[in-house]
Amino acid sequence: MLINSDIFLHCILISTMFLQPKAQKQPQELDDLLSDSIAKAAPLFPQSSVSPLFPPLVPAFFIIGDSSVDCGNNNFLGTLARADRLPYGRDFDTHQPTGRFCNGRIPVDYLALRLGLPFVPSYLGQSGMVEDVIRGVNYASAGAGIIFSSGSELGQHISFTQQIEQVTDTFQQFILSLGEAAATDLISNSLFYISIGINDYIHYYLLNMSNVQNLYLPWNFNQFLATTVKQEIMNLYNANVRKVVVMGLAPIGCAPYYLWLYGSQNGECVKEINDMIMEFNFVMRYTLEELGEELPDANIIFCDVFQGSMDILKNYKSYGFNVTAEACCGLGRYRGWIICLSPEMACSNASNHIWWDQFHPTDAVNAILADNVWSSLHTEMCYPSNLQEMLAAKAR
């Protein structure tokens, strides 16, 4: 009941600020940036290890997920889960909010540049022309979960299944515009990135929605989620998708919201929550290994975000961080009680913080995790290989 009351309070506080009757378009600066983001990446972010590559390593980059990778789809929805106001985006390339739940870039921004591609545009922000999505599109929606109703108390969102349907619509558009052979070639050589599942805990299991905790032990719940993801990947495979990156879940037991909610004394993570997340990642990894054996011509890698994130938390000084438990933006203890609402609630320097808001990491953490996905630069967290190795193996 405590969590439900907090969410209700948060909804009242942010409804007048975030819920708009009319969707906002992304800034013109970002539209301009999509065409030249590769050329400008290094000067804009000199501290990043991202280096643009030419020609592109894949023809297109498609993203499915939740707020960890939403780049603006929720700007067009009636929902409380929106990041279309400052201080969100203050450290982004345009220094304007875009819908990313971060002070700057999200992991897929860094990976797009690694692939030699521009930042991937949001699905709902496009005109519907094939030219808009030929190099990839981002379907992710904040609040979305593997379970259809996860996050529904926040308002509208695009669920996992609905995002897969949008992918199918895009494929049909490719077939009609390019012809079946060319569309198949494009789809099979493109990269698909899936980052979803955390809201099935935050907004479903941990809230005991539909009495789920009495029906499913965490292990059974995790198996249900993993099986659902497996089935959707098989659906993508049947539509000629062959390259897939599946991200595990982050250690939300260390997130400022749960540190506040569970009364953590000295920033210690909530073990019971993290145990569920570790178990999900274990089940997901081996479910995907089995799927890889069933689909030998597919390349599927699993990246354990929990593992990579805990390495940052345990070795924070070596990564340049000095604030590990408190969010940069928010109110209350650990800045975890009230969500980030205004620039006045934010710290002056997010780069030395691990957490940006109640649940989301800073741009600096996203850059580290993207490096690990790409090349295991800081720590190994992707199996059976990192993304660079996967693409190099296919090129040979």
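I call a residue buried when under 20% of its relative accessible area is left, exposed when over 50%, and partly exposed in between (1.4 Å probe, protein chains only). I am looking at a predicted model, where local features need pLDDT of at least 70, side-chain atom pairs count only at pLDDT 80 or more, and totals for chains, interfaces and linings use all residues. Residues are numbered from 1 along each chain as its sequence is written, and side-chain values use heavy atoms, with hydrogens and water left out.

**Helix α12**

I looked up α12, residues 305–314, and found seven of its 10 residues buried. Helices (H or I, at least four residues) and strands (E, at least two) are DSSP runs, numbered from the N terminus. The buried ones are V305, F306, G308, S309, M310, I312 and L313. Which elements cover them? I noted that the cover includes β4 (243–247), α11 (271–294), β5 (299–303) and α13 (363–375). At the start of α12, I saw a side-chain oxygen of D304 within 3.1 Å of the backbone nitrogen of F306.

**The sheet**

Next I traced an open sheet of six strands, in the order β2-β1-β3-β4-β5-β6, with mixed pairing. β2 (136–138) and β6 (382–383) stand at the edges with a single partner strand each, so one side of each has no neighbour in the sheet. Two strands pair if DSSP finds at least two bridges between them; β4 and β5 pair in the parallel sense over five bridges. I also checked M247, whose bridge partner in β5 is C303.

**Helix α9**

Finally, I visited F224, which sits in helix α9 (residues 218–238). Is F224 buried or partly exposed? I count F224 as partly exposed, because its relative accessibility is 39%.

Conventions: Contact means heavy atoms within 4.5 Å. A polar contact is a pair of N or O atoms within 3.5 Å; within protein, one must be able to donate a hydrogen and the other to accept it, and residues adjacent in sequence count only if both atoms are side-chain atoms.
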